[in-house]
6 protein chains.
Amino acid sequence: MKTVTFGEIMMRLAPPAHGRFLQADRFDIVYGGGEANVSVSLSNCGLETEFVTALPDHEIGQCAVNALRRYGVGTEHILRQGSRIGIYFIENGASQRASKVIYDRAGSSIATAKAADFDWKEILKGADWLHFSGITPAISAEMTAAVQEACAAAKEMGVKVSCDLNFRSKMWSVEKARSVMQPLMQYVDLLIANEQHISQILEIDISSLPTEDTNLTREGCIATAEAVNARYHIPMIAITQRRSLSASDNKVKGMLWQEGKAAFSAQHLMHIVDRVGSGDSFTAGILTGIQKGFGLQKTVDFAAAACCLKHSVEGDFNLMSEGEIMALAEGEGSGSVQR
Amino acid sequence: MKTVTFGEIMMRLAPPAHGRFLQADRFDIVYGGGEANVSVSLSNCGLETEFVTALPDHEIGQCAVNALRRYGVGTEHILRQGSRIGIYFIENGASQRASKVIYDRAGSSIATAKAADFDWKEILKGADWLHFSGITPAISAEMTAAVQEACAAAKEMGVKVSCDLNFRSKMWSVEKARSVMQPLMQYVDLLIANEQHISQILEIDISSLPTEDTNLTREGCIATAEAVNARYHIPMIAITQRRSLSASDNKVKGMLWQEGKAAFSAQHLMHIVDRVGSGDSFTAGILTGIQKGFGLQKTVDFAAAACCLKHSVEGDFNLMSEGEIMALAEGEGSGSVQR
Amino acid sequence: MKTVTFGEIMMRLAPPAHGRFLQADRFDIVYGGGEANVSVSLSNCGLETEFVTALPDHEIGQCAVNALRRYGVGTEHILRQGSRIGIYFIENGASQRASKVIYDRAGSSIATAKAADFDWKEILKGADWLHFSGITPAISAEMTAAVQEACAAAKEMGVKVSCDLNFRSKMWSVEKARSVMQPLMQYVDLLIANEQHISQILEIDISSLPTEDTNLTREGCIATAEAVNARYHIPMIAITQRRSLSASDNKVKGMLWQEGKAAFSAQHLMHIVDRVGSGDSFTAGILTGIQKGFGLQKTVDFAAAACCLKHSVEGDFNLMSEGEIMALAEGEGSGSVQR
Amino acid sequence: MKTVTFGEIMMRLAPPAHGRFLQADRFDIVYGGGEANVSVSLSNCGLETEFVTALPDHEIGQCAVNALRRYGVGTEHILRQGSRIGIYFIENGASQRASKVIYDRAGSSIATAKAADFDWKEILKGADWLHFSGITPAISAEMTAAVQEACAAAKEMGVKVSCDLNFRSKMWSVEKARSVMQPLMQYVDLLIANEQHISQILEIDISSLPTEDTNLTREGCIATAEAVNARYHIPMIAITQRRSLSASDNKVKGMLWQEGKAAFSAQHLMHIVDRVGSGDSFTAGILTGIQKGFGLQKTVDFAAAACCLKHSVEGDFNLMSEGEIMALAEGEGSGSVQR
Amino acid sequence: MKTVTFGEIMMRLAPPAHGRFLQADRFDIVYGGGEANVSVSLSNCGLETEFVTALPDHEIGQCAVNALRRYGVGTEHILRQGSRIGIYFIENGASQRASKVIYDRAGSSIATAKAADFDWKEILKGADWLHFSGITPAISAEMTAAVQEACAAAKEMGVKVSCDLNFRSKMWSVEKARSVMQPLMQYVDLLIANEQHISQILEIDISSLPTEDTNLTREGCIATAEAVNARYHIPMIAITQRRSLSASDNKVKGMLWQEGKAAFSAQHLMHIVDRVGSGDSFTAGILTGIQKGFGLQKTVDFAAAACCLKHSVEGDFNLMSEGEIMALAEGEGSGSVQR
Amino acid sequence: MKTVTFGEIMMRLAPPAHGRFLQADRFDIVYGGGEANVSVSLSNCGLETEFVTALPDHEIGQCAVNALRRYGVGTEHILRQGSRIGIYFIENGASQRASKVIYDRAGSSIATAKAADFDWKEILKGADWLHFSGITPAISAEMTAAVQEACAAAKEMGVKVSCDLNFRSKMWSVEKARSVMQPLMQYVDLLIANEQHISQILEIDISSLPTEDTNLTREGCIATAEAVNARYHIPMIAITQRRSLSASDNKVKGMLWQEGKAAFSAQHLMHIVDRVGSGDSFTAGILTGIQKGFGLQKTVDFAAAACCLKHSVEGDFNLMSEGEIMALAEGEGSGSVQR
């Protein structure tokens with residue numbers, strides 16, 4: 001099974017440890033982005049995957065390519081054009097101080113690329129799944145078109161489509177996001193989203209559904225998935241549920257719904273090392289479970305465990321193996337030393 | 001509004017992360033001191049402030065000046081004389097292991113300065129507030145005199161006086177502290193202290209007041225403030241209340257009392273990155289609230305939030321903006337990523 | 001009082017902070033090993049101690065010697081022969097992600113040493129205690145013989161013998177361990193072990209003893225010690241009890257049993273900086289208490305406090321002084337700053 | 001004497017030591033830019049100075065402001081607008097491997113600022129000198145206009161104008177540079193340039209002048225200055241002469257010409273720690289000499305010494321004091337330890 | 001053109017900067033080995049290449065695989081077996097203090113691999129060149145056999161064979177090396193070696209050839225190549241010539257001989273950042289020139305330039321692009337900043 | 001042979017690499033001092049040695065003790081009293097920028113110790129040599145007395161006395177130094193000094209002696225030694241000769257004179273990593289040669305080689321083995337990699 005992912009990969013610059021921007025005299029460098037993170041997770045679980053993007057043809061662009069190659073992600077269809085890589089600065093919060101992100105992504109190679117630069121028939125050859133998130137069409141009108149063309153090509157070629165709904169208010173308005181994302185849903189075989197984005201972007205009313213501790217109850221989740229399915233005809237729907245106790249402690253759990261059946265993961269309480277990319281880990285976990293045929297319950301357990309473990313790994317990429325994730329999914333979370 | 005603060009700034013040398021002195025092969029360097037910390041906090045909240053001290057006229061002295069200038073604190077009246085800067089070594093504790101401080105401050109420029117070296121009429125020109133802590137008069141008899149002269153000049157010039165009672169047993173005895181601090185109270189418009197120091201140094205008997213979980217109750221705090229006011233005629237009194245669960249987890253809250261009215265902040269439970277300077281952050285929060293006219297409740301909420309957030313910032317200085325502090329004061333403490 | 005310890009010291013290579021092997025571009029270096037760790041702890045408590053091992057006669061071997069000398073451990077009888085030092089790679093887990101150890105110890109100087117290389121009559125001259133763990137005889141048949149010879153010499157010379165039962169399944173099978181360790185028990189004056197190893201290696205049936213929260217109850221501990229004493233005639237038995245909540249949080253407590261009397265420590269809940277060597281700290285605490293005549297209760301309190309505090313110190317060595325440990329043993333665990 | 005400088009300050013990101021981009025996992029951060037560097041040098045020599053630019057109103061923009069404040073540079077007229085700070089990535093070469101710079105400056109706050117955003121009458125109040133380099137007008141048409149308006153205002157207000165001709169071929173063509181820079185020369189009281197830029201941009205023919213070891217001879221320098229003076233009526237002209245032996249070793253010297261008199265510095269041969277900003281150090285040295293009345297010979301000696309010493313300091317800023325520079329200018333270059 | 005290289009890749013552990021082992025508290029980690037280094041260089045010049053070895057199937061083994069993938073080297077035929085990766089410790093000398101290497105390579109996965117583990121018919125499919133150095137057959141008798149089988153398969157499949165003679169006295173004796181290497185010469189199409197190894201291992205008498213400044217003269221080099229060709233019938237012979245002035249300064253040059261024609265590179269004098277792998281860079285330069293059809297002179301110039309530039313790059317891998325190497329080969333060695 | 005050294009050991013704090021104080025945000029920590037450095041060098045050459053000083057009884061004092069123990073130096077007679085350890089800040093120069101030292105040593109434990117605190121009869125038991133430098137008596141009148149008492153005791157006990165004349169103008173005046181050092185010469189069996197200090201402090205007129213390249217010629221050195229011998233009756237005199245070309249490059253050589261015979265070392269030209277302690281390395285080299293019976297020529301060659309190699313080692317201690325030093329003394333200075 002091979003998954004092609006499509007999106008932006010950025011250089012991430014972060015003060016070490018819990019340092020604030022104002023006191024930083026060095027940045028730790030990693031590279032990441034929603035779809036790239038999914039590809040790395042898939043590769044770490046032994047699945048074939050390729051990441052498609054545009055990057056400048058200079059050494060910094062090459063660094064991003066190398067970061068992907070290092071973890072076994074295919075980079076053959078990455079365009080080398082444009083003049084800069086998007087950057088995001090992040091400082092790692094703690095306790096009541098939230099992590100803070102400053103984006104510097106305007107004018108990046110992918111933001112200045114054209115839809116026509118990507119030859120989807122060629123790119124998707126041999127692929128089983130195409131994955132993108134709501135960030136990619138938000139980059140530019142050209143990238144909106146590129147996603148539409150990719151989805152259409154996928155459909156035509158029998159490639160399944162996975163979409164992480166991910167809405168970023170700094171990139172576009174709710175109205176714009178609705179107008180782009182809703183029509184894309186016709187192509188989607190697997191939707192991953194949290195309840196807020198389902199409500200906001202897909203306009204599914206969840207206001208009267210039962211909640212508990214700020215999240216929808218299990219019943220609420222099922223009702224939400226059924227409503228999405230009813231309106232958009234998406235056969236598989238995964239919902240992630242996070243509760244932020246502080247910048248240091250979060251809880252996560254998830255649901256996977258398919259054809260009227262729902263499976264729920266346990267809830268994990270995490271001390272956070274780095275939460276960036278944890279949603280992408282959940283997505284990759286769902287895709288792994290589906291592609292490896294884990295079945296509904298084991299798939300959602302695996303995805304939630306992947307998401308949980310990502311919080312303990314610095315950087316955007318979830319550097320956990322399938323075996324490590326499965327151990328937690330199956331209940332081994334005592335953190336005893338593995339000698 | 002401009003606040004002049006007066007005291008010692010020291011070079012702080014700390015092993016990285018949670019390293020012990022015995023294993024350190026490098027020290028992280030910052031500069032800090034009670035009054036300097038207050039000035040930096042005020043500057044970060046957009047208030048004008050100047051820090052007065054004495055520092056040696058060599059590069060290491062200049063480093064301390066530069067640390068202040070970097071955050072916008074005025075350094076015009078800093079004396080450049082003497083031969084050394086005070087140093088304190090600190091190792092950052094964890095769990096049941098307490099943080100440990102070794103002072104090496106004898107013979108510093110300010111410890112060898114004369115009261116007559118400071119021309120308060122000149123220094124306080126244009127100031128609205130003068131702030132000092134109980135550490136400054138403890139440095140030497142000359143500095144005791146300097147504080148007295150500064151207070152007298154302030155009174156004469158209509159500059160309000162703020163005092164953080166802060167008692168350091170390594171610097172002087174309780175008896176000596178009482179004999180110096182009690183007469184200084186006549187000048188004080190705003191007193192900030194914890195209940196132990198009020199009892200020890202100002203000789204206010206709190207032994208029969210009601211407590212709860214090792215701290216005075218709200219009623220006890222009010223009674224304490226009223227007793228201080230009755231004896232020393234200080235119009236505004238702020239009390240900080242800390243509970244140390246471990247070197248990694250503390251709780252803080254505060255009260256602000258003025259003319260018979262008391263306001264209490266919420267209690268914050270913190271995972272600690274660095275607790276040094278958190279009391280100074282509370283003090284600066286009170287001064288900010290007063291100078292910006294927040295009113296009693298918002299002022300104490302702001303001060304407690306500032307104090308809480310300091311625990312998440314490495315170094316003595318509280319590198320939080322007014323907006324960030326206000327958000328927590330108004331209840332946003334979930335630590336969600338701010339993208 | 002002088003304690004000779006005998007075993008392997010390894011180079012430990014760890015990615016900084018919570019980094020995974022896959023992302024490491026540098027390793028922090030320390031040296032450690034069960035018996036070496038005990039010696040360092042004893043030295044830190046002011047007791048004389050010597051560590052016996054074999055190390056290669058090159059600079060890296062010298063680094064291990066220097067690490068011991070730095071903390072005052074005698075190195076006079078360390079053999080300088082063979083071609084390599086054993087290495088272990090460790091990544092520091094967090095939350096649900098366990099710490100992971102990769103051993104690279106085959107072919108080390110001690111693994112290729114002969115029993116005859118050690119002249120125990122000479123080595124034990126002037127010693128009061130000999131200490132080894134179950135790791136040393138597991139290294140090789142020659143080291144099994146060396147431990148036997150050391151014990152026999154100790155007995156002959158009136159040197160008491162302490163044994164940490166420590167079973168490592170990667171080094172030998174349960175059957176092999178039983179066949180070696182059980183006969184060694186005849187020499188042992190003090191046994192330190194957890195309940196699992198007592199059951200597995202000494203074949204004491206604890207399956208019907210009462211448990212609580214995954215650990216044996218106090219009654220169960222006493223029954224276990226009595227059973228060990230009945231079968232192996234060991235006069236002093238210490239049992240450590242750990243509960244791993246996650247890689248970030250553990251609980252520990254301990255029991256010390258002698259001649260029908262048992263003393264139990266309080267249970268400590270720790271945020272973990274580094275848990276490696278915490279069992280060795282417990283052992284050293286017991287030995288310190290015995291050698292300094294603390295009495296049963298104070299000894300187990302001291303040992304548990306030493307074990308607890310080790311979790312806050314990076315590296316294998318427990319860099320805590322007797323005074324710091326005693327303060328916690330006596331109940332001061334608030335972690336307030338020590339100025 | 002007060003100097004206002006005007007230009008762009010960028011975030012500089014560099015792999016540590018001699019690391020290549022391809023292997024970097026962290027960047028050291030400093031802030032710098034031609035005119036900002038001049039201001040810091042002037043401040044380090046005790047002269048008053050202010051730097052004018054535009055920076056985004058977020059924490060990263062604030063970091064640049066703080067970097068200037070730290071060294072005593074006035075930041076009062078810095079505009080806080082736009083969305084990003086320009087970035088340049090630099091790797092530090094060695095031996096035959098040249099240092100490499102990748103610019104990422106498009107769309108920065110100053111590149112998107114308008115000429116009308118700067119109120120020169122207000123900014124230049126109290127100033128004695130205005131300084132800019134050829135980089136500032138190259139940023140955009142608006143910045144070309146801003147420089148012209150600044151020069152016109154300076155002339156009107158009796159503020160002298162200093163220009164570092166600095167031509168960057170990545171920013172604009174030779175033709176464009178000529179059309180902008182030549183008309184600006186009417187305002188210039190002090191021109192600093194190397195011989196190539198004088199020839200290229202000011203179209204002074206130096207092809208037939210005598211050279212030696214790739215640089216113009218003293219006679220050639222004088223003839224060049226006279227030709228510039230004849231055509232552009234600039235009263236003071238400083239020429240820097242560099243010879244790059246390798247990325248590790250360079251030679252520099254300089255000439256200062258005024259009213260028919262020329263003074264030449266000694267030539268310095270340097271082992272390079274960091275050569276960025278060394279030209280700006282020369283410029284600041286000339287301005288310091290003029291403003292402090294050193295006279296022609298001492299001024300050029302001081303400037304060349306400042307330039308030479310910059311090569312030994314990491315970062316864009318020349319953190320040398322006036323005394324240190326003067327010592328080298330007066331011949332003390334043995335590098336003996338100063339205890 | 002695709003080159004398969006075969007050998008050992010080791011983990012290299014080095015104290016930072018010029019630190020000695022005795023003072024190191026951390027090691028910088030890179031991975032390298034003669035043949036792996038050649039593959040990385042070829043990949044950096046845009047040529048297809050694959051590295052064949054054996055590595056343990058754990059995370060540290062994976063780190064070595066990832067290091068190769070990061071730079072685009074194929075890893076498909078790497079065996080994942082055995083229990084450890086070879087390690088070498090290196091401290092970086094300076095001035096009169098030589099760099100020092102401690103090998104810890106016994107028992108590595110490749111040292112315990114069998115010749116039969118490698119299926120050369122499969123591995124060499126699609127390859128144009130096979131490259132190995134004298135280190136690979138020195139690893140073990142099995143690896144001697146593996147190299148012989150690889151050469152035989154290459155010959156049969158029309159794959160050309162390149163051999164870097166590289167003799168390591170710590171791995172085998174001169175006699176043993178002669179008995180293995182001389183028979184292998186029948187397969188070799190390109191030999192790279194220095195004059196000492198040609199004399200020692202291939203028993204070509206160079207004692208009466210003219211030398212100059214410790215190296216053979218051009219005439220001597222030609223005579224040497226002709227003698228090698230006469231005896232072993234190797235069509236292409238490259239000779240590297242190094243002169244070590246100190247640990248900080250070396251000179252290198254090279255010769256390439258083919259069918260009676262010889263081309264000589266310029267001699268480069270280098271300040272050394274890291275000289276490990278510079279010989280491999282020369283080899284890769286020769287292979288690049290041959291595969292890209294540069295011709296004799298340009299090939300040796302390119303190889304010497306690659307070798308020279310490697311000295312400026314930390315780590316075993318030569319992270320220089322074809323364009324950067326070519327620029328130096330064509331004479332641009334001034335080290336001017338490339339903006 | 002056992003050497004007791006007596007003096008001050010300080011904490012040295014240095015910005016990393018070539019950083020200036022003004023830009024430092026961390027200090028690398030080592031411990032060093034003239035006599036301590038000599039002891040470490042002697043221990044590294046396999047000689048027994050003990051260092052005597054006073055250090056505060058807190059963790060930072062313990063760090064200095066541990067630094068000595070790590071390298072095998074005896075610490076049994078170190079007094080643990082007083083309140084602080086002397087500190088010196090050093091920034092590492094480069095090229096024309098000199099290294100800079102800021103001392104902060106007033107009030108240290110040894111500066112406040114009494115002569116009577118040291119029991120020389122006890123301390124010198126079993127010693128063959130006593131070594132001190134001109135720095136120790138300069139610390140205080142009490143330390144002047146302590147040195148006198150130590151010398152007198154040594155004489156009485158048949159312990160030979162070695163003195164490094166080392167004059168520090170920041171500690172005392174030339175006149176004071178003369179009045180103390182000249183009377184001490186009666187005890188000295190071995191004097192080590194440079195020509196300037198011999199002239200200044202011992203008042204030997206060298207103004208008319210022949211020089212060459214700023215240093216005395218061989219004849220001048222001999223004449224100087226003879227004059228010292230004539231006046232002070234010191235049997236062995238070693239003279240070090242340094243020429244500072246820049247902060248990056250120095251030359252050193254030395255002479256050893258005994259009973260009318262003089263031996264001269266080669267001159268070494270060094271690229272400097274760290275020159276602090278290089279004079280102490282020369283001294284230790286002379287003492288090693290004498291104690292091991294190398295003879296005059298080999299002793300001075302060894303001492304100069306030790307001095308030379310120290311320039312390549314970071315920190316005050318010369319971490320070179322006897323074998324490494326001897327190799328250079330015997331002419332192997334090519335810096336080739338030692339595999």
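Trainee: How many residues of chain E are in contact with chain D?
Mentor: In this predicted model, 20 residues of chain E are in contact with 20 residues of chain D.

Trainee: Which elements give two or more residues to the chain E side?
Mentor: Those are β17 (268–271) and α10 (296–310) of chain E. The largest share comes from β17(E), with 3 residues.

Trainee: And by class, what is on that side of chain E?
Mentor: The side of chain E that touches chain D has 8 nonpolar, 10 polar and 2 charged residues.

Trainee: Back to α10(E). At what angle does it pack with α9(E)?
Mentor: Helix α9 (residues 278–292) of chain E packs with α10(E) at about 150°, and the axes are 7 Å apart. The two helices are therefore roughly antiparallel to each other, since the cut-off for that term is an angle over 145 degrees.

Trainee: Right-handed or left-handed crossing?
Mentor: α9(E) passes α10(E) in a right-handed crossing.

Trainee: Which residues make the contact?
Mentor: From α9(E), they include E:Phe282, E:Ala284, E:Gly285 and E:Ile286. Among those from α10(E) are E:Phe302, E:Ala303, E:Cys307 and E:Lys310. By class, the residues of this contact divide into 9 nonpolar, 6 polar and 2 charged.

Trainee: Changing topic: sheets. What is the strand order in the open sheet of 8 strands?
Mentor: The order is β8(B)-β7(B)-β2(B)-β3(B)-β3(F)-β2(F)-β7(F)-β8(F), with mixed pairing.

Trainee: Which strands stand at the edges?
Mentor: β8 (100–104) of chain B and β8 (100–104) of chain F. Each has a single partner strand, so one side of each is left without a neighbour in the sheet.

Trainee: How are neighbouring strands turned against each other?
Mentor: By 30° on average, direction ignored.

Trainee: In what sense do β2(B) and β3(B) pair?
Mentor: Strand β2 (residues 10–14) and strand β3 (residues 26–32) of chain B pair in the antiparallel sense, over 5 bridges. In that region, B:Ala14 stands opposite B:Asp28 in β3(B).

How values were computed. Residues are numbered from 1 along each chain as its sequence is written. Chains are lettered from A and ligands numbered from 1 in the order in which they are written. This is a predicted model: local features need pLDDT of at least 70, side-chain atom pairs count only at pLDDT 80 or more; totals for chains, interfaces and linings use all residues. Two residues are in contact if their C-beta atoms, placed from the backbone, lie within 7 Å. Helices (H or I, at least four residues) and strands (E, at least two) are DSSP runs, numbered from the N terminus. Ala, Val, Leu, Ile, Met, Phe, Trp, Tyr, Cys and Pro count as nonpolar, Asp, Glu, Lys and Arg as charged, and the others, Gly among them, as polar. Axes are lines fitted to C-alpha atoms, for helices over the stretch in contact, and angles run from 0 to 180 degrees between N-to-C directions. Angles under 35 degrees count as roughly parallel, over 145 as roughly antiparallel, 65 to 115 as roughly perpendicular and the rest as oblique. A crossing is left-handed if the near helix is turned anticlockwise from the far one by less than a right angle, and right-handed if clockwise. Two strands pair if DSSP finds at least two bridges between them.
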